[in-house]
Structure formats: C-alpha cells, structure tokens
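Please write a careful report on the model shown below, covering its confidence, the contact between its chains, and some of its strand and helix packing.

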Amino acid sequence: MTQSQGFKIRTPYLLLLPGMAFLLTFFIFPLINLAQTSTQTPVGGGDTGQYEQSLRLQNYVDAFIENREQFGRSFLYATIATILALLIAYPLAYAIAFKGGKLKNLMLVLVIAPFFTSFLLRTVAWKQILGEEGFVVPPLRTLGIISESTTLTSSAFAVVAGMTYNFLPFMTLPLYASIDRIDPRTLEASGDLYANGFTTFRKVTLPLSMPGVVAGTLLTFIPAAGDYVNAAILGSPTTKMLGNVIESRYFRIVDYPTAAALSFTLMISILILVTFYVRKAGTEELV
Amino acid sequence: MSDVASSARGDLILSHLTKSYGDFTAVNDLSLTIPKGSFFALLGPSGCGKTTTLRMIAGLEEPTQGTISLGVTDITHTKPYQRPINTVFQNYALFPHLTIFENIAFGLRRRGIKDVDEAVNKALNLVELPHLAQRKPTQLSGGQQQRIALARAIVNRPALLLLDEPLGALDLKLRRQMQIELKWIQKEVGITFVHVTHDQEEAMTMADTIAVMNEGQIEQMGSPADLYDNPETAFVANFLGQSNLIKGTISGNDGDNQIIDLFGQKISLRKNRSHAVDNSIYAGIRPEKFRISRLETATSGNVLTGGKVEDVSYIGVSTQYQVLMPWGQELMVFEQNDDGVAPFSVGESVNISWEPSFTFGLRGDEDAEAGTEVNPDEDPDE
C-alpha cells in the first residue's frame, strides 16, 4: 500500500475526529456522570446537597412514582403540540413547495424569521398575546366563545400553544424539503388514473412526503417532551411538565439523584417511543 | 365523414380549441377529428402547441375556448379523473413509493375493479415484464419504466390513450424497437392512441394519420405517405424530410398539368398537387426523386440544365450531391448507389431530371425556409 492510499483510508477517520472528541467530552462523559449521580444517596447526617456514590436503583422508582403526573403531562402536551404543528405546517409547506413560485425563498426565510429573536422573548410575548388586554381574549369574550371569567394565560392551552408556535419551523422545514422533492407529474398521473384530489393526497402526496412527516414530528416532539420554558412562562403549577420538575430538583431543592434519574427516564422513554414510531412509519421503504 | 357518424362511433372531436396564456396563444382555434381505433400523431417542433393540446384532452389544462367531445359526450370541463382517458407521461411519472404491480393496479383500484391481479398480470405480460412485478420503479431501466408506464395506462382499457413524447428519453436503438412494439400493442388492444412527438420519423413509423402542428395550428393532416409526397405548405415540406423548393411562376396549362417557369426553364406539375393561389409558386421536389445525369445522356420528364456539382458525400446506400444551379441555388440530390453509374465528381457539369408526377407546388408567398431551422433532436421538452 502506498503512502497516499494509506492517507485516503485514514481520511474519513480524521474527519470524524473533531466531532467525536467533542461528543465524548461534552456528551458521553457528562452522561456517565449523570448515570452515576442518579443512583447516589444522601450522606448520613450531611448537609443539603451532599450525596455519596451508591447503587440505589430505587431512586428511579421513587422519582417516577412521585412525578408520574408531570411525566404523563410532558408526553401529552408534546403529542398535542406535535399534532397541531403538523396540521399547521403541512398546508404551509405544501403551499410553499407547489404554489410558492418566485416567492418560495422569501417564504422560507419568513418561516425561520422568528429565530432572529430570542426564544425566551418570543415565549414571553405569548403571555401578552393571550393576556387580558391582548387581541385574542376580548374578541372571544365578545363572541361568547369563552366566558368572562376564563383566562387563557397560565393554562394548559397557553403551554401547548406556545410549544406549537415555538417548534413550528422545525416541523415546516423538513416537510417542505420532502414535499418539494415530489415530482408534480406523479400527482397529474394520479388524477389521470381516476384519483380525485383527496385520494391523490392520501395515496400519493402523503406517502411520498412521509420522510418529512417523520423528521418533522421527531424534531418537534423530542424537544417539546423535554421542554420547560413554555410551561414555566405560560403555565401554572397545575401544568408543570417533567422539564420543570428536573429544573427545580436541580437548582432549587438540590436533589441531584432524583433530577438525574428523571432525566434518564425521560431520555429512555423518548428513545423507546421514537424507535417504535420510526419502525411503524416504515420510512426505510421510501426512496 | 359527417360529424354525426363520427360522434356515434366514439371519435375524439376537438372543435375550435384555443388555449392562451396571457398574450401568448399556445393553441389557436384548432379543430380536429380523431377516428376511434386509430393511431394518431400530433407532430411539430417544440412550442408548436402539441403538448398543450394533449394536456387539454387529458383534462390537465382548461381550454380558453372551444370544446372537446368523446363520441356524443362533451368532456371539455370534465375532471381528469372522470375522463375515460389515460396518459403515458413524458418521463413516465411512475409512483416511486409503489411497486410495479401497485403502479399498474392504481387506476383499477381507484375504480373499484375486481380481479385486479388478473388484469395487472395480463398488462405485465403484454409489455413482457411479468418478472418485475414486485420491484420499485427506481430499480428499472428507462426502457422498462417506459413499458410499465404504458401498462399502467393500458390496463384501464381507456377509450383513448395519450402518449406524450413517450420515447423521448430512450436511446435511438431502443426507440426504434419500442416504435414497432407500440404499433403492435395498439393493434392488439384496439384503443385509440394519440401520440405527441417532435420526431418526424417516429410519427411516420407508427401513426396511421399525422397532424403536423405549427404555431398552435394544424398545417396539414393526412397519412404519412400523403404528407411526404404532397406537402401543402413549406413548413410541412421541410419539417417532414428534406425538400428542394424552387421559386417560379405558373406560365400556362397543359391538360391536367400546369407549366411552371423556373428561371427560364419549363417544367410541369400536376394540377391536383399544386397549392399555389396565384401565379407565384414554389416547385418542390424531394432530393431522392431527382436523377442526376451527364450532359450527353438523354433525359426525359422534367429537366433542369446547367447544374454544377459542388459537393459529393458518399454514405453507403446513397450518394448525396449539392448541385449549384445557374440562378445560384444549391439543390440536394440523393442518388441510390445501385445503377452502376460512376459517381459524379465535384466541378462536373450536370443536368437534373425527375418524373413530373413527383413535383408538388406551394404558394409563392411562403417562407421557403419554414420548418428547416428546427432540429428535431434538439429539445424533447416543450
């Protein structure tokens, strides 16, 4: 083997090196650390926040039983937000891809435009939008859709609305990418072969855009399930999600083992759900 | 044929069909009857409106004006999925997420037909690809995809099958083979085929009837032989094969013939092959109809004297000559290499002669170059 061939074989590994080193330092090591923390026990007679290493797996059971409500809420809110984002983003992505014409690029820029402002700021803005003086509540009251005493802030509605809004671009972009790749002639062919508009959508457009649907729902659901900002800013004590519990265990109660155990449980649950979902969606069949 | 008779038979009747996009008129007041069971070709260069016409028949474009009827049924505003018409698309447009079997079954399933399996297998056998049923379209070659696109359309037994440049993406050899196969399949299934192409050889090989389109209108319609032997316009004369068009004037009559004066030399033309409207005329002769002869050889029929060989190209079955005439025009002459006559060489003085019945006459006010600049192999898309 010549020297240049040897170099060619090594090149991919050299290219992988910086990324691998980064992940090892800032992901794998902390993860191991987290795993260790999750089974620690308080030091007998020690101060608050003093823990010693042990292998108490009961931490997981306790943490889950104690917070199962927030756990369920995280997945419920994330699921609703993901479905809402999909329902809003699909027509949007479809319109940009097929009817965008010359405005296509401008529309895509508008989709990501919110990223130019801080995530926190935008979430706080939703407080104003859904507030008593905002432009949503008064008309709804006038129309009698909500009663005089109902408020929209500090509610499950506000949390889900905030999440839907915040993760909408993550849904829209992958959907756009896969819808844009569909050859419009296959849609014409479907019409030519006796399928009406709805059947064409069901049998051709939707299956061909499945990679985008899967990518978009994952990119929305995963961060939404672990999110705590929306619940913290737009919610109330009764809408707490698992993220909020982890945050308060870490920073306020300094209960590191429980926080770590919850983090792991959340991560593993998401992993299992996602694996199941991707298998079910069967995207590997798609071109 | 009367309109009543053709309606009853189920012919496709286009009546004053017009399609405009803003200022641009793609199809201009086109009227046409395509007999049931025929293999019909719409032939023309890119942008002549042939694909737009096809898309209006399929229902993919809404006509600006005019009507489309299939038999006695007006289908002008019928949705594409409600028309008994199927299309073989230019780049096949197979469904990439479905197997070949499901691609072919698509139309049958939409209509709730029973015995899908049997119909699909029959269609696969017709195009001789039964072993590919479980593959995906991307695993097939271009030629195979083409056949599957055909099977997917034919399996529905439509009243009308539209083919939009179906062979455009195939290489030359495969294209020739598919032309013969398509013709055979059309006879086998007996469905009316309407075939859009810019390739004159393809149209002539397959179609019973060809309509030559130019700038949104039909220039001439007829059998391939009619169009080639007796073109009515310079566009048709040049687009279908090559033609020598010589400017002249009609100087008199001789029974069934007109006497034409071509730069002082008299030739004759059958009256029924003359499309001139006044005394000004182009005499047209196909290059292979010419006979080239040395000055001392006796010649009969129409003769033009005073030619000089400018260029000789030997291409095996024939030799192609460029002959410069006294009035400065170069004529193309194709001579079969079968008569044992020694080939002519550059600079030789020659006469050119031909059978008077081969002459055709075109209006003298036409553009003699019409239809020549178009390179048929240049642009498959319209």
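Chain B of this predicted model averages a pLDDT of 89, and 94% of its residues score at least 70, where pLDDT is the predictor's confidence in each residue, from 0 to 100. Among the elements of chain B, helix 3 has the highest mean pLDDT (96) and helix 1 (residues 3-9) the lowest (64); helices (H or I, at least four residues) and strands (E, at least two) are DSSP runs, numbered from the N terminus. Over residues 376-382 of chain B the pLDDT is below 50, although this stretch has nine contacts in the model beyond near neighbours in sequence. Where pLDDT is low, the predicted coordinates should not be read in detail. For the complex, the predictor gives an ipTM of 0.81 and a pTM of 0.82.

Residues are numbered from 1 along each chain as its sequence is written, while chains are lettered from A and ligands numbered from 1 in the order in which they are written. Because the model is predicted, local features need pLDDT of at least 70 and side-chain atom pairs count only at pLDDT 80 or more, whereas totals for chains, interfaces and linings use all residues.

Between the chains, 17 residues of chain B are in contact with 17 residues of chain A, contact being taken as C-beta atoms, placed from the backbone, that lie within 7 Å. Strand 6 (85-88) and helix 3 (100-110) of chain B are the elements that give two or more residues to the side of chain B that touches chain A, and helix 3 of chain B provides the largest share, three residues. That side divides into nine nonpolar, six polar and two charged residues, with Ala, Val, Leu, Ile, Met, Phe, Trp, Tyr, Cys and Pro counted as nonpolar, Asp, Glu, Lys and Arg as charged, and the others, Gly among them, as polar.

| Strand 1 (residues 12-21) of chain B with | Sense | Bridges |
|---|---|---|
| Strand 4 (residues 65-70) of chain B | antiparallel | five bridges |
| Strand 2 (residues 24-34) of chain B | antiparallel | seven bridges |

Ser15(B) stands opposite Thr67(B) in strand 4 of chain B, and Leu12(B) stands opposite Ile34(B) in strand 2 of chain B. The hairpin of strands 1 and 2 of chain B has two residues between the strands, and in this hairpin Gly22(B) takes a positive phi near 60 degrees.

Notes. Two residues are in contact if their C-beta atoms, placed from the backbone, lie within 7 Å. Two strands pair if DSSP finds at least two bridges between them.
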